[in-house]
Amino acid sequence: MEIKEAIDLIWKNRKYTTDDPKKAISHLNEEVAESMKALIKGDINKAKRELEDALSCLFIALKVMDVDVEKAITNQIRQMNSRNKKVMIFRKDKVEILVDNNVKGGWYVWSEEDLKEAEKIAKEFGCEIIYENKSF
């Protein structure tokens with residue numbers, strides 16, 4: 001089934017009628033929140049059902065907001081592919097940060113604690129971690 005066809009079918013069979021973007025997005029938010037609550041409680045099946053409901057709400061919100069879904073998907077893929085590649089390289093006694101293969105900075109690592117802090121920073125900033133010579 002094509003995505004536009006799926007959106008049209010969901011639009012025709014929706015449980016609520018609205019042309020208000022705030023209301024449509026509020027419904028989406030509620031379904032996502034219910035899915036998260038079920039997940040926190042460990043009810044995976046309910047979380048999946050709520051997430052499926054959220055998908056319908058997303059389609060309805062996209063239609064209400066007059067978003068071209070195919071263009072939106074293309075834009076998202078392009079955006080995901082164009083994100084900078086961030087790498088943190090751990091050398092024998094130094095850490096270097098590269099963005100798109102260009103060195104942007106670095107510092108010396110003097111202890112195991114420094115190493116752990118650098119690893120924490122790498123994770124926070126979404127860097128790929130490469131160990132060349134781990135000295136600690």
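Helices (H or I, at least four residues) and strands (E, at least two) are DSSP runs, numbered from the N terminus. The model is predicted, with local features needing pLDDT of at least 70 and side-chain atom pairs counted only at pLDDT 80 or more, while totals for chains, interfaces and linings use all residues. Residues are numbered from 1 along each chain as its sequence is written, and side-chain values use heavy atoms, with hydrogens and water left out.

View 1. Met88 is buried, at a relative accessible area of 1%, where buried means under 20%, exposed over 50% and partly exposed in between (1.4 Å probe, protein chains only). Although Met88 and Cys127 stand 39 residues apart in sequence, their C-alpha atoms are 6.0 Å apart. Apart from neighbours within four places in sequence, the contacts of Met88 (heavy atoms within 4.5 Å) include Trp107, Cys127 and Ile129.

View 2. Setting aside neighbours within four places in sequence, Ser35 is in contact with Ala47, Glu50 and Leu51.

**View 3. The lining of the second largest pocket.** A pocket is an open set of points, on a 1 Å grid over the protein atoms alone, where a 1.4 Å probe fits, with protein on both sides within 12 Å along at least five of seven lines, and lining residues have an atom within 4 Å of a point. Among the residues lining the second largest pocket are Lys4, Ile7, Asp8 and Leu62. Helix α1 (3–12) and α3 each supply at least two residues of this lining, and α1 gives the most, with three.
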